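Subject: Structure handover

Hello,

Please find the structure below.

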Amino acid sequence: MALIELTKVKKIYKSGVTAVQELNLSIERGEFVFVIGPTGCGKSTLIRMLYREEKPSSGRIVLGGVEVSKLRNNKVFKIRRKIGVVFQDFKLLEGANVYENVAFALEIFGLPKAEIHNRVVKALELVGLKNRAKNYPNQLSGGEQQRTAIARAIVNDPKLLICDEPTGNLDEETSQEIIAVLEEIHKMGTTVVMVTHDRDIVKRLKKRVILMDAGRVLRDFKEGEYANENV
Amino acid sequence: MLMKMFRILFRNIRDAFKSVWRNFSLSLASITSITITLLVVAFSLILTFNVNYTAEMLAQNIEIVVFVEKGVEQEEITEIENKITVIDNVATLEFKSRVAIAEEYMADSEVFAVIMEGWDEDEIPLQDTFIVRVNDNEEIGKTADEIGDIEGVAATNYGRGMVEQLFGVFEIVQTASVVAVVALILVTAFLISNTIKITIFSRRREIEIMRLVGASNLNIKIPFVFEGLFLGVLGAIIPIAITIYAYNSLYTYDLSMIMPIVTLVSPEPFVYQISGVLLIIGVVVGMFGSWRAVQRHLRI
């Protein structure tokens with residue numbers, strides 16, 4: 001069974017704007033998928049529905065066997081614990097250092113201190129920030145802040161990592177570092193869904209690419225297909 | 001499982017402490033608003049209880065003085081006593097002969113002692129009296145009239161007019177202060193809840209991140225509720241200190257010159273009871289205010 005299964009998903013905002021219409025999509029476990037398209041094409045709405053920040057107006061979204069679209073507001077945390085989310089603006093706690101920002105996700109569940117320490121150190125090693133653990137977000141570069149956010153997203157060992165334009169605020173070199181980290185995480189078996197505007201990255205990585213426009217899937221490129229396209 | 005719960009509880013308490021400290025200026029705003037309103041609540045509570053107490057004390061001292069006609073024999077006095085005793089509203093009855101009254105006067109004042117010393121028992125220009133206390137002060141006028149109608153009774157006196165007026169005033173003050181206390185508690189709740197709402201609004205990002213990493217609504221609320229608890233406790237410290245100090249000072253200060261009819265409630269355990277009430281109001285309102293304020297940020 002696919003990890004993510006969307007059937008006839010439609011999202012109309014209260015303002016009357018139709019962001020997503022009749023969307024059918026299936027993503028398998030272990031895939032690395034880019035979602036691209038012009039601004040306002042519905043790609044952000046799509047992934048916001050995946051981690052249940054938005055509810056579809058109609059249709060079904062099943063994530064790892066759980067019907068996310070039917071999940072009640074006070075049960076959302078159950079799905080959030082199984083996925084990691086990374087944003088363009090990092091969303092770090094300014095008053096907490098790198099270690100605390102990552103540990104935060106584990107402390108909520110009441111894990112023993114030693115286990116939290118082990119997991120946080122492992123996650124920070126993976127993103128290459130072990131020696132920055134004591135620094136606060138305002139002492140870090142954009143790339144380091146994003147790597148902190150990635151460490152926080154993966155510290156729970158999620159099956160799915162959702163990235164909403166994670167390189168949107170970063171220069172090219174830093175973006176490549178972030179992508180390298182994401183690839184590393186993908187290699188360890190995590191499914192990655194990433195929304196991006198950066199076509200260079202998409203072309204270089206040769207992964208599956210979903211091109212959206214006006215709330216629909218315009219094309220679904222298999223691995224490597226997009227690089228040869230002249231779009 | 002139990003260990004896990006303890007760890008979560010401990011973390012919540014620690015985080016609540018930390019965030020009171022980290023968001024110090026906003027915490028200070030909440031604490032100040034709690035402090036000010038609790039001070040006013042304390043003032044109203046003390047006023048209400050003292051008005052009630054004074055009224056009670058006064059009520060206990062109200063009595064009807066029954067003057068027996070001159071020249072009435074002992075037998076008739078006993079008869080009058082029996083007649084007064086059977087009246088429903090009469091609680092206690094005490095006979096005071098004119099000789100006894102004269103002795104009382106003489107003991108009280110040297111001038112009287114000198115004047116009255118030379119008088120024979122028959123020359124004393126005073127009357128035998130009964131001192132009557134009643135069960136229901138509101139019915140005192142009616143009871144005095146009934147006693148007045150008894151044969152052999154010359155007159156009754158209880159301060160007609162003044163007693164009624166005094167009780168009227170007390171009733172108004174009592175009702176007004178109860179209404180004021182209730183209104184104040186509601187205003188406190190509203191004020192505190194609003195201040196905490198502002199505090200939490202500034203931390204919606206933190207709430208958003210907590211949700212994002214998989215915190216349940218309860219996980220998110222509990223630290224804020226603990227924080228509300230701390231704010232309530234901190235906000236209650238100054239009002240409690242002022243209440244204890246100011247009330248004790250007021251109690252030791254001789255008020256009888258300014259307000260002779262006022263009797264203050266003894267400070268122990270009164271001030272501690274008031275302090276307890278202030279602490280409870282602070283804590284409950286702080287916790288409830290936080291709970292409600294976070295709730296608004298947990299809907300998608």
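**The sheet in chain A**

Strand 1 of chain A and strand 2 of chain A pair in the antiparallel sense, with 6 bridges between them. In this pairing, Ile12(A) stands opposite Thr18(A) in strand 2 of chain A. Helices (H or I, at least four residues) and strands (E, at least two) are DSSP runs, numbered from the N terminus, and two strands pair if DSSP finds at least two bridges between them. As background, strands of a sheet pair through backbone hydrogen bonds, either parallel or antiparallel.

Before going further: this is a predicted model, where local features need pLDDT of at least 70 and side-chain atom pairs count only at pLDDT 80 or more, while totals for chains, interfaces and linings use all residues. Residues are numbered from 1 along each chain as its sequence is written, chains are lettered from A and ligands numbered from 1 in the order in which they are written, and side-chain values use heavy atoms, with hydrogens and water left out.

Strand 1 (residues 4-12) of chain A is also joined to strand 4 (residues 58-63) of chain A, antiparallel, by 5 bridges. Here Glu5(A) stands opposite Val62(A) of strand 4. Val62(A) also has Glu67(A), in strand 5 of chain A, as a bridge partner. Strand 4 and strand 5 (residues 66-67) of chain A run antiparallel and are joined by 2 bridges. These two strands form a hairpin with 2 residues between them, and Gly64(A) in the turn has a positive phi of about 55°.

Put together, this is an open sheet of 4 strands in chain A, in the order 2-1-4-5, with antiparallel pairing. Strand 2 (18-27) and strand 5 of chain A are the edge strands, as each pairs on one side only.

**Cavities**

Rolling a probe the size of a water molecule over the atoms shows where empty space is left. On a 1 Å grid over the protein atoms alone, a cavity is a set of points where a 1.4 Å probe fits but cannot get out, and lining residues have an atom within 4 Å of a point. Grid points are joined across faces, edges and corners, and a volume is the space filled by probe spheres set on the points.

There are 3 cavities of 30 Å³ or more. The largest cavity holds about 80 Å³ of space. Its lining includes Arg80(A), Arg152(A), Leu212(B) and Val213(B). Strand 6 of chain A supplies the largest share of that lining, 3 residues. By class, the lining has 6 nonpolar, 2 polar and 2 charged residues (Ala, Val, Leu, Ile, Met, Phe, Trp, Tyr, Cys and Pro count as nonpolar, Asp, Glu, Lys and Arg as charged, and the others, Gly among them, as polar).

The volume of the second largest cavity is about 50 Å³. Among the residues lining it are Phe77(A), Arg80(A), Arg211(B) and Asn217(B). Helix 2 (residues 76-80) of chain A gives the most to this lining, with 3 residues. The lining divides into 3 nonpolar, 4 polar and 2 charged residues.

**Chain B**

Chain B has 10 helices and 4 strands. Of its 300 residues, 40% are buried (under 20% relative accessible area, with a 1.4 Å probe and protein chains only).

Regards

How values were computed
On a 1 Å grid over the protein atoms alone, a cavity is a set of points where a 1.4 Å probe fits but cannot get out, and a pocket is an open set with protein on both sides within 12 Å along at least five of seven lines; lining residues have an atom within 4 Å of a point. Buried means under 20% relative accessible area, exposed over 50%, partly exposed in between (1.4 Å probe, protein chains only).
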